Amino acid sequence: MKILNLLRIAWKAIILNKMRTFLTMLGVIIGVAAVITMLAIGEGSTQSIKEEISGMGSNMITISPGAGMQGGVRTDPGQMQSLKLSDYHAIKEKSSLITHISPQVSGNGQAINGAENWPTSIYGVTPEYLNIRVLELEDGSMFTDAEVKSSSKVAVIGQTVRENLFSTEEDPIGKMIRFNKIPFRIIGVLSPKGENTFGQDQDDVILAPYTTVQKRILGINYVQSIVASAISEEKAPEAVNETYSILRKEHNILTGEEDDFNVFSMDELISMFNSTSEIMTALLVAIAGIALLIGGIGIMNIMYVSVKERTREIGLRLAVGGQSMDILVQFLIEAILISVTGGLIGVSLGITATLLIEHFLNWPTSITATSIIISFTVCAFTGIFFGWYPAKKASGLDPIVALRYE
Amino acid sequence: MGQETVEALRDVSFSIEEGEFVTIMGSSGSGKSTLLNILGCLDQPTSGSYEIDGLKVKDQKPNGLAKIRNEKIGFIFQSYNLLPRTSAVENVELPLLYNSAISKDIRRKRAIDALVHVGLEDRLHHTPAQLSGGQQQRVAIARSLVNDPVVILADEATGNLDTRTSYEIMALFQKLNISGKTIVFVTHEQDIANFSARTIELKDGNIIRNVQNHDIMLAAEELESLPKENI
Ligand SMILES: Nc1ncnc2c1ncn2[C@@H]1O[C@H](COP(=O)(O)OP(=O)(O)OP(=O)(O)O)[C@@H](O)[C@H]1O
Ligand SMILES: [Mg+2]
């Protein structure tokens, strides 16, 4: 078997030149590992943002007072009172694409339990708020529609509030706390949700009936915003349009007139994030591409020098009866062995580096098969090509010319 | 980068019979190596023809030439040309690696036999760097023998060696010749030429002498007459 002999020759050449082999491999290893790690980081953060958004309720729709014109003066949307409870009822009754809906009013203040106190926010909502925001109860129960109707002073608290007002052994259920001097009886504790993408602590909240918050805390009768969930993520844009037309009718806005409210879905947020993460991934791919290129140049350099340096060897092999095909195959096998081994080491190094980054830096990562395949293929082919090309030239030489080479 | 065409050989015509031991002589630059390279199918003449073992070399494609070199020729280079960091046996095995008809075991056996033949049985696994010049030359000779060629072509095989070692090498060639090998030997030293049966002398690419040697010296005897080494 001739090919077996050539394999033997190639193997021999590789182990005879460990340093050269190692340096050539290093280019492949670094290139492949860099690409895999970078793409894993890019992909990981994209995914975590997406998860975060769907954790917030990917079919969520938010209605807020808009920048309407009042006598030529634009009003600060935060100060606007254009959303009324009647709007909430209208959407709730007329919309066919919305499953849950809740008005939302909120205020900041100090929560106090005996000697403990903690600055936090109170959200006035309906029980459906849990479904809309995908929140779960860890303990106790949510307040009921009846409690909303009767403006009961009951509250459900987030984990952060619980930790800051109660000791770990203490059961907060049934306890009384004060928020801005108003007493609330705690009836439930939310499951932890962690920080959102903007670094906001989603557990630092108190939920209470919106009626209670409106009357007791804020002293208002309008709503600051309305949150709802569409029947599905796909139907969200339709639900947005439907809500628009319901509210325009409700607010008597004529065609051509500007709306005094805004409706937007998570979809828009998602597409915004997608474009950002696409830019980031493109950037990482560019960096990884440069790493690959440098690796490739390294391979090319060493392979080229190695073939030059071995021109006399090639001459000798031709002189004792090696055919130019034999020489070519030998160098090709060498290049394949080096590139493939380097590629495999690079893949494992890349995976290891990714896992270490995930473990020690706590960055979200996600290794994709595509990144492994692409980087491995590109590096392997660079190595093989640059191993093959100079060998191709050398094997075409006259044996006597190759032997005289110095 | 041929600015000027060099005619290394001109009007050269001769034949060598099976079993002959021929020396090619001539001063430096007279075309000896060029001639030997043509005989070894490493180089091709611009015009004229060359036949080896009944084969017209001119008609051969590169692969055909490689096959002739592999099976019919044993070439000993002026500068040994051994693979560095590679053991003597593996160096000798080299031509057989390119002959798929020969199995691994036979290859190894023939390489060892060839090394035994040149008296290197105790240096099988030494690399060229661990061998003396004469020993390296013998490895090169063993390599030229291993494929059982129809002709052995040696280019200044004794050029870099002292007299004693040169004679040892010549004794080896004579032994090979007696056992039936055809040998063409290039040298520029007259005393080395005396060990062969025929001398072809070149001058500026022309044959100026092609004579039978009637007074062949025996290298083994000459070796005896050399002053003994002090050990
Ligand atoms: N590749 C080449 N290109 C141009 N001229 C060459 C080439 N090779 C050899 N020559 C010329 O051909 C002539 C014969 O060279 P050759 O090597 O055959 O000499 P030689 O008899 O072997 O000499 P030496 O005893 O020094 O080895 C020389 O004049 C040399 O300069
Ligand atoms: Mg010469």
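Modeller: The accessible surface of chain A (Shrake-Rupley method with a 1.4 Å probe; for residues, only the protein chains shown count as cover) comes to about 19,600 Å², and 60% of that surface belongs to carbon and sulfur atoms. This is a predicted model, in which local features need pLDDT of at least 70 and side-chain atom pairs count only at pLDDT 80 or more, while totals for chains, interfaces and linings use all residues. Residues are numbered from 1 along each chain as its sequence is written, chains are lettered from A and ligands numbered from 1 in the order in which they are written, and side-chain values use heavy atoms, with hydrogens and water left out.

Chain A contains 13 helices and 12 strands, where helices (H or I, at least four residues) and strands (E, at least two) are DSSP runs numbered from the N terminus. Of its 406 residues, 48% are buried, a word that stands for under 20% relative accessible area, with over 50% called exposed and anything in between partly exposed (1.4 Å probe, protein chains only).

Now to the part you asked about. Ligand 1 is surrounded by residues from chains A and B, so the site is shared between chains; a residue is taken as near when one of its heavy atoms lies within 4 Å. There are 13 residues around ligand 1, and those that come nearest are Ser28(B), Gly29(B), Lys32(B), Ser33(B) and Thr34(B). Helix H1 of chain B, residues 32–39, gives the largest share of this shell, with 3 residues. Sorted by class, the shell holds 2 nonpolar, 8 polar and 3 charged residues, where Ala, Val, Leu, Ile, Met, Phe, Trp, Tyr, Cys and Pro count as nonpolar, Asp, Glu, Lys and Arg as charged, and the others, Gly among them, as polar.

Several polar contacts can be followed atom by atom (pairs of N or O atoms within 3.5 Å; within protein, one must be able to donate a hydrogen and the other to accept it, and residues adjacent in sequence count only if both atoms are side-chain atoms). From chain A, the side chain of Arg404(A) has an N or O atom 3.3 Å from a nitrogen atom of ligand 1. On the chain B side, a polar backbone atom of Ser30(B) is 3.2 Å from an oxygen atom of the ligand, and an N or O atom in the side chain of Thr34(B) is 2.6 Å from a ligand oxygen atom.
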